[in-house]
Amino acid sequence: MVFSVLLSLVVASAQADTSKVIATGGATTIEGSAGGGIVPWAVINGYASSDQWSLTAMNTTVYVDDFTLHSIGASLSIDNRFELSIAKQTFDLDTLGGKLGQDIVGVKYKLVGEVLYTAMPQISLGLQYKRVDDFALPQAVGARDDWGLDVYLAASKVYFDAFAGRNLVTNLTLRATKANQIGLLGFSTATNNDYTLQTEASIAVLLTDNIALGYEYKQKPDKLTFAQEQDWQDIFVAWFVNKHLSVVGAYVDLGNIAGLKQQQGWYLSVEGTL
């Protein structure tokens, strides 16, 4: 968190004249890609316009009843077309004891459309390569592999004056994945090594030009037999203080995790952009 705040202050003058509208870079997900908190969007992180670059760093913590997820990451955006990202996740098993972790390297490419000014939504294709830190526990509960590759196609669109005079932000993401608990519990099982297609969605109302209130839903596979895996959802408030600093808070419902029921709690993310 400290790193993100310092970054935003240090670069206060960098690329402030970009033409990209505030909030259109979205926030940064726990997987490092631009989006909401748990769903990657088609938008490219930061505020780089054509022939510009942008660097974003984030620090996110999710507190639920029996677990704590901490994610730090950074992304580089080029020409408002490419996004390269990296994230490090640490998942503390507060009640069970121990911890899990994984590294995520992502790339996103804007295929077509614009989030604001064209009838066609902005559509982007993304890849996320994931590898767990220690495969012992995931393997013990039935995971097949310690790494996996997620592929997703996302469409994002802002509709002006769509709800009570306010602008509406929508996103739909289709993800092909083999991940158990987004990869923290490894990938696939001995009997199921197939990709599954999952749907993820976000909707948000811009209460002002720089404050958004929204909802996200993330469908997830359920392959491991030792405990049921459930879908995730959250209600979030995002405050884009300026083009260099944003803060996202959310109430999250992660369902059952590792046999522990109704994992609900809070999400806080701070990020800085230059």
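The chain folds into two helices and 16 strands, taken as DSSP runs numbered from the N terminus (helices are H or I of at least four residues, strands E of at least two). Its radius of gyration, taken over C-alpha atoms, is 18 Å, close to the 19 Å of the globule rule for 274 residues, so the chain is as compact as a globular protein of that length; the rule is 2.2 Å times the number of residues to the power 0.38. Along the principal axes, the C-alpha trace spans about 50 × 35 × 35 Å.

A word on the ground rules: this is a predicted model, where local features need pLDDT of at least 70, side-chain atom pairs count only at pLDDT 80 or more, and totals for chains, interfaces and linings use all residues. Residues are numbered from 1 along each chain as its sequence is written, and side-chain values use heavy atoms, leaving out hydrogens and water.

Now look inside. Buried residues (under 20% relative accessible area, 1.4 Å probe, protein chains only) make up 52% of the chain. The largest nonpolar core has 38 residues, with I30, V62, F91, V252, L254 and Y267 touching the most other members. Such a core is a set of buried Ala, Val, Leu, Ile, Met, Phe, Trp, Tyr and Cys residues joined through side-chain atoms within 4.5 Å. Two or more residues come from each of β3, β12, β14 and β15, and β14 gives the largest share, four residues.

Beyond its neighbours within four places in sequence, L254 is in contact (heavy atoms within 4.5 Å) with V62, V64, Q230, D231, W232 and Q263.

Conventions. Buried < 20%, exposed > 50% of the residue type's maximum accessible area, 1.4 Å probe, protein only.
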